[in-house]
Amino acid sequence: MSGIDTLPPLREVIATHDLAAKKSLGQNFLLDLNLTAKIARLAGDLRGADVLEVGPGPGGLTRGLLAEGARRVLAVEKDPRCVPALAEIAAAYPGRLEVINDDALEIDPLMHLTSPIKVAANLPYNVGTELLVRWLTPQDWPPFWTSLTLMFQREVAERIVAQPGSKAYGRLALLSQWRSDAQIVMTLPPEAFSPPPKVHSAVVHLTALPAPRYPADAAMLSKVVAAAFNQRRKMLRSALKPLDPAIEDHLQAASIPPTERAEQVSLEAFCALARSLSAASSRTSS
Ligand code: SAM
């Protein structure tokens with residue numbers, strides 16, 4: 001931790017501001033400032049970047065991000081009880097921390113940030129996946145962020161980086177890996193948090209690709225992947241039949257055996273299938 005962080009220990013901050021953790025807000029706080037500094041470093045070089053942090057809570061990671069040199073941090077916290085604690089951090093780092101007391105699902109952070117932008121957060125478990133999917137599916141690509149460094153329950157982190165043939169492989173893996181390079185960069189036991197959650201956690205670092213990894217129409221790819229994994233034990237020729245009666249021809253065009261199941265199919269092959277279906281639908285509509 002950089003020497004400029006002269007703020008009180010986090011346990012003291014929690015006691016002073018009466019921040020007893022609320023389960024309904026997914027509050028499992030990180031109190032070890034060495035650990036929060038380490039997570040901030042996993043986000044890469046923060047100097048010259050604005051950082052969006054969702055759910056700063058008492059501010060452990062916020063302090064790490066600022067001490068590691070973030071140009072500015074925009075911290076969006078739903079719990080109003082955390083605001084006075086965060087104001088103390090803002091006073092220690094003049095002009096570098098802006099706090100918004102709101103629901104991260106309801107605000108547009110871009111009004112407050114300047115490129116390049118990184119996202120770093122110990123996400124509340126109840127909105128973590130929804131936020132990730134939003135960040136991965138903006139209207140235009142590349143997105144507003146250059147990287148996402150996010151703490152999830154380990155099971156969710158494993159779904160993001162999963163490879164074909166594993167149980168964890170599915171929509172989240174395909175979406176994440178189509179748009180980014182994603183890696184688990186740290187795992188944490190429950191005891192790292194206060195209060196400890198029931199499960200292990202992991203930090204995933206996602207770097208935005210300049211363009212999606214393989215060409216495909218986003219809406220068509222999403223439709224194909226949803227249909228394939230909604231019935232993941234079924235052979236693709238039956239699971240995907242509702243998309244196109246000639247699905248076997250499209251599977252063949254994408255070099256996918258029609259008897260294959262979704263969890264065996266690579267991202268590259270799903271993209272080829274989406275392209276074949278898009279081409280057929282543009283032929284019928286013209
Ligand atoms: N960053 C802190 C840390 O590492 O100790 C707290 C992490 S805690 C897992 C999640 C935080 O997200 C809590 O402070 C909680 O109040 C906040 N939160 C929950 N739902 C939220 C939402 N929809 N928008 C913004 N913050 C939210």
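A residue counts as buried when its relative accessible area is under 20%, a cut-off that applies to the first of these close-up views of a predicted model.

**Close-up of Gln27 and its surroundings.** Gln27 sits in the loop that runs between α1 (10-16) and β1 (29-30), and because its relative accessibility is 6%, Gln27 counts as buried. A polar atom of the Gln27 side chain lies 2.8 Å from the backbone nitrogen of Lys22, and the side chains of Gln27 and Asp79 are joined by a polar contact of 2.9 Å. With neighbours within four places in sequence left aside, the residues in contact with Gln27 are Ala20, Ala21, Lys22, Glu77, Asp79, Arg81 and Pro195.

The ligand has 20 residues around it, of which Gln27, Leu30, Gly55, Glu77 and Asn122 come nearest. A polar backbone atom of Gly55 is 2.8 Å from a nitrogen atom of the ligand, while for Pro56 a polar backbone atom is 3.4 Å from a ligand nitrogen atom. For Ala104, a backbone N or O atom lies 2.9 Å from a nitrogen atom of the ligand.

**Close-up of the packing of α6 with α7.** Helix α6 (residues 154-161) packs with helix α7 (residues 171-179) at an angle of about 55 degrees, their axes being 6 Å apart, and the two helices are therefore oblique to each other. Val156, Arg159, Ile160 and Val161 are the residues of α6 that meet Leu172, Ala173, Ser176 and Gln177 of α7. Sorted by class, this contact comprises 5 nonpolar, 2 polar and 1 charged residues.

Conventions. Residues numbered from 1 in each chain as written. Predicted model: local features only at pLDDT ≥ 70, side-chain atom pairs only at ≥ 80, totals over all residues. Heavy atoms only, no water. Helix = DSSP H or I, 4+ residues; strand = E, 2+ residues; numbered from the N terminus. Buried < 20%, exposed > 50% of the residue type's maximum accessible area, 1.4 Å probe, protein only. Polar contact = N/O pair within 3.5 Å; in protein donor to acceptor, adjacent residues only side chain to side chain. Contact = heavy atoms within 4.5 Å. Axes fitted to C-alpha atoms, helices over the stretch in contact; angles between N-to-C directions. Parallel < 35°, antiparallel > 145°, perpendicular 65-115°, else oblique. Nonpolar A, V, L, I, M, F, W, Y, C, P; charged D, E, K, R; others polar. Near = heavy atom within 4 Å.
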